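Subject: The model, and what turned up in it

Hi,

Here is the structure I said I would pass on. Have a look at it first, then read my notes below.

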Amino acid sequence: MDTLPLELHAQIFALACSDDGSTAHALALVSTYVREVAAPYRYQSLVISGMEQMSALVSRLDATPPHLRRVRNLFLSDWTRAQTKERVMRTSEDAQDRYLLEKTLALRILTLAASTLETLAVMVACPYTGPPLLGALFSTPMPRLIELTVHGFYPFPHAPRVMPRLERLHLSGNRNPHGLLELGSLDSACPSLTHLHVSGLVAATAFADELRSALLRQSPSLETSLENAAQRLSPFLASLPPLLRHITMETRPLDMPMPRRSRIQYMHAKMVDALKELQGRGDIPARVSVVEGSEDEDVYSGLHRDWQSRLTR
């Protein structure tokens, strides 16, 4: 150890600090020298959940010079795993104030980390704050971001070239994200996208039709009639990012009362059939995969596991 140059120590620490932040924390306790060499990687990879952890991180990042708070990989959840499993919503004034504070802290973390983030997973368990928080996320410039996962009732990415290098996008929490592919908003926000994963789909026939329309518009086998040519040029129809080659559609098991099930079951089966028809086509520009989610899935653990696995590849 003593014979290695500082530069090699720094490279070793950079590789070692690709977990949930535990390694960087441990290195800071070894010695003054190790703490100083590992300082640029102290916040390289972080797993933050719940208001207490978010508040502590905001305090630390605010007090840290920009060149030492480079967050490259972040898993961020407004609630802890235990809270997400309980799924208890409270309507008291104190609870509403807490939800607002959670949103404010999460936004502050995203703002401070935005310029250096490369992989990001954001879970918003609180339905009151999901749309505004994720809407702000999709409007925050993240020039280095390559992989993004969001869970919650999300709005659609829309701001032009906010994430110009984004290659992988996983959207979770909207049962029928009809409109995601319309008006070219996804294409405009994520022009480098190659992989799209949409999970939690239930009876989303309108979205399945939207996806089919977008794929067929880019199909080289589409008839070149005047009508179809006009459709290709229309800015109001569904479209996909030009580099998109892998699409995963993940359906969610039905969990509603029996009296409502018959109609929803029919719509759900219709959606699955439409998606599977796309899965078997060879004349569309992207490969479509259809998978079925688990009925008793722990969303927090699943998203964390997927995020962690991407760091080791």
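Below are my notes, going from the whole protein down to single residues.

First, the ground rules. This is a predicted model, in which local features need pLDDT of at least 70 and side-chain atom pairs count only at pLDDT 80 or more, while totals for chains, interfaces and linings use all residues. Residues are numbered from 1 along each chain as its sequence is written, and side-chain values use heavy atoms, with hydrogens and water left out.

**Overall**

The protein has 12 helices and 8 strands; these are DSSP runs numbered from the N terminus (helices are H or I with at least four residues, strands are E with at least two). Of its 313 residues, 47% are buried. Buried here means under 20% relative accessible area, exposed means over 50%, and partly exposed is in between (1.4 Å probe, protein chains only). The accessible surface is about 15,700 Å², and carbon and sulfur atoms hold 55% of that (Shrake-Rupley method with a 1.4 Å probe; for residues, only the protein chains shown count as cover). If you take contacts between residues at least 6 apart in sequence, 71% join residues at least 24 apart, a contact being heavy atoms within 4.5 Å.

**The cores**

The largest nonpolar core has 66 residues, and Leu-74, Leu-120 and Leu-148 have the most contacts inside it. A core is a set of buried Ala, Val, Leu, Ile, Met, Phe, Trp, Tyr and Cys residues joined through side-chain atoms within 4.5 Å. This core draws at least three residues from each of domain 2 (44–140) and domain 3 (156–312), with bounds from an automatic or database domain assignment. Apart from it lies another core of 8 residues, including Val-47, Phe-75, Tyr-300 and Trp-307. Beyond its neighbours within four places in sequence, Leu-74 is in contact with Ile-109, Leu-110, Leu-120 and Trp-307, among others.

Ile-109 and Leu-110 are among the buried residues of H6. The 21 residues of this helix (93–113) should span 30 Å at 1.5 Å a residue, and the end C-alpha atoms are 31 Å apart, which agrees; the expected span is 1.5 Å times one less than the number of residues. Cover for the buried residues of H6 includes helix H4 (50–62), strand S2 (73–77), strand S3 (119–123) and helix H7 (130–137).

Gln-96 also sits in H6, but it counts as partly exposed because its relative accessible area is 32%. Leaving out residues up to four places away in sequence, Gln-96 touches Arg-90, Thr-91 and Tyr-128. Tyr-128 is 32 residues from Gln-96 in sequence, with 8.7 Å between their C-alpha atoms.

Trp-307 is one of the buried residues of H12, as is Tyr-300. The N-terminal end of H12 is capped by Asp-298, with a side-chain oxygen 3.3 Å from the backbone nitrogen of Tyr-300. S2 and S3 are among the elements covering the buried residues of H12.

**Ser-239**

Where is Ser-239 found? It is in the loop between helix H10 (226–233) and strand S7 (246–251). Ser-239 counts as buried because its relative accessibility is 17%. Beyond neighbours within four places in sequence, Ser-239 is in contact with Leu-181, Gly-184, Ala-214 and Arg-217. Ala-214 and Arg-217 are among the buried residues of H9.

Cheers

Terms used:
A polar contact is a pair of N or O atoms within 3.5 Å; within protein, one must be able to donate a hydrogen and the other to accept it, and residues adjacent in sequence count only if both atoms are side-chain atoms.
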